[in-house]
Amino acid sequence: MIVPHTTKPTVPARTVPARPVRKAVVPAAGLGTRFLPATKATPKEMLPVVDKPAIQYVVEEAAAAGLEDILMVTGRHKRAIEDHFDNAFELEQALAAKGDAVRLDAVRDPARLADIHHIRQGEPLGLGHAVLCARRHVGDQPFAVLLGDDLIDPRETLLSTMLDVRERYAGSVVALMEVPREQIHLYGCAAVEPTEEEGLVRVTGLVEKPSPETAPSAYAVIGRYVLDPAVFDVLDRTPPGRGGEIQLTDALHTLAADDTVHGVVFDGLRYDTGDKADYLRTVVRLACTRADLGPEFIDWLKWFVAELERGEGVGRGRRSAA
């Protein structure tokens with residue numbers, strides 16, 4: 001679906017700049033059931049993508065967009081996330097003693113990315129509830145929400161674009177991606193109207209995981225939001241929705257009635273590291289972009305695919321075990 005340009009006026013840009021966004025919330029309290037048994041004792045957000053946990057890519061994205069204050073909403077058995085973004089004195093001392101400056105920097109980097117805080121979501125009551133848990137920390141400021149297992153390729157500028165839209169129009173901004181109709185039931189879905197700006201739409205309504213037959217569009221809400229603090233009052237009075245959970249989608253549907261929600265249509269690279277197949281694709285794609293790994297790994301991939309095409313099977317031959 002392509003949203004055409006139109007001369008219909010959008011919400012006028014503010015003459016007074018909106019308050020800058022400086023805070024981000026990263027919900028990371030999910031149980032990771034799609035990755036059991038690996039996630040029985042390891043948070044799904046800590047599964048490695050090449051040599052960094054998935055959630056570090058998310059924090060790096062927020063920091064690169066200028067978000068200096070990050071609150072992670074975690075749950076029980078998520079202590080590893082807190083430890084990863086803390087200093088590791090003994091390990092740092094050991095690496096320093098060896099003169100291993102490269103690994104020492106890699107170990108120190110997570111704690112230097114931003115001012116990182118943690119709070120626990122006491123009950124698994126949904127994404128809307130996880131965002132509501134951040135209310136005291138965020139206060140009356142606008143803030144971004146980045147889902148902990150939803151990765152945007154580091155070369156993309158989606159979050160920065162969303163922050164720019166928020167600055168110009170205020171209100172809330174969601175990231176949208178066009179998906180095949182048969183997959184829309186996996187996402188929140190937005191009803192949209194075009195604006196005069198390419199890649200920017202006005203969101204008129206949202207529904208959580210509709211059937212393909214009832215979905216208002218093929219635009220799925222993906223895991224990036226820039227939210228006005230007004231969302232907290234709406235979440236506070238939003239009853240449990242689909243799955244018995246408090247849905248952020250339902251709260252945004254309420255806000256959209258006032259023409260205060262925009263959508264940035266994204267057609268770049270996104271990875272769902274909560275899905276097994278997409279997780280594997282993510283590792284391969286990002287490994288191929290690495291200067292230290294890419295050339296050799298790409299060479300091996302070409303050889304491996306040739307082996308498969310010859311029908312020689314997986315895991316056979318000397319080089320397949322390299």
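Author: Val-50 sits in the loop that links strand β2 to strand β3, the latter covering residues 52-53; strands here are DSSP runs of E with at least two residues, helices are runs of H or I with at least four, and both are numbered from the N terminus. This is a predicted model, in which local features need pLDDT of at least 70 and side-chain atom pairs count only at pLDDT 80 or more, while totals for chains, interfaces and linings use all residues. Residues are numbered from 1 along each chain as its sequence is written, and side-chain values use heavy atoms, with hydrogens and water left out.

The score pLDDT is the predictor's confidence in each residue, on a scale from 0 to 100. Its mean over the chain is 89, and 91% of the residues reach 70 or more. Over residues 1-9, however, pLDDT stays under 50.

Although Val-50 is not a glycine, its phi is positive, at about 65°. With a relative accessible area of 24%, Val-50 is partly exposed, a class that lies between buried, under 20%, and exposed, over 50%, when a 1.4 Å probe is used and protein chains only are considered. Ala-170 belongs to the loop between α7 (158-169) and β8 (172-178), and at 10% relative accessible area Ala-170 is buried.

Leu-293 and Val-50 are 243 residues apart in sequence, and their C-alpha atoms are separated by 9.7 Å. If neighbours within four places in sequence are left aside, Leu-293 is in contact with Val-50 and Ala-287, where contact means heavy atoms within 4.5 Å. Leu-293 is in the loop between α10 and α11, and its relative accessibility of 35% makes Leu-293 partly exposed.

Two packed helices are described by the angle between their axes and the distance between the axes. For α10 and α11 the angle is about 125° and the axes are 8 Å apart; the axes are lines fitted to C-alpha atoms, for helices over the stretch in contact, and the angle runs from 0 to 180 degrees between N-to-C directions. The two helices α10 and α11 are therefore oblique to each other, because angles under 35 degrees count as roughly parallel, over 145 as roughly antiparallel, 65 to 115 as roughly perpendicular, and the rest as oblique. Where they meet, Val-284, Ala-287 and Cys-288 come from α10, while Gly-294, Phe-297, Ile-298 and Leu-301 come from α11.

Helix α11 can be checked by its span. It has 16 residues, 294-309, and at 1.5 Å a residue it should span 22 Å, which agrees with the 22 Å between its end C-alpha atoms; the expected span is 1.5 Å times one less than the number of residues. The buried residues of α11 are Gly-294, Trp-303, Phe-304 and Glu-307, and they pack against α10, residues 276-288. Just after α11, Gly-311 takes a positive phi of about 75°.

Helix α10 also holds Thr-282, which counts as buried at 0% relative accessibility. Setting aside neighbours within four places in sequence, Thr-282 is in contact with Val-49, Leu-151, Tyr-271 and Thr-273.

Finally, we can look at the interior. In soluble globular proteins, nonpolar side chains tend to be buried together. A nonpolar core is a set of buried Ala, Val, Leu, Ile, Met, Phe, Trp, Tyr and Cys residues joined through side-chain atoms within 4.5 Å. The largest such core has 43 residues, and Ile-55 is among those with the most contacts inside it. Not counting residues up to four places away in sequence, the residues that Ile-55 touches include Val-26, Ala-28, Met-72, Ile-81 and Phe-85. A second, separate core of 33 residues includes Leu-132, Cys-133, Leu-206 and Leu-235.
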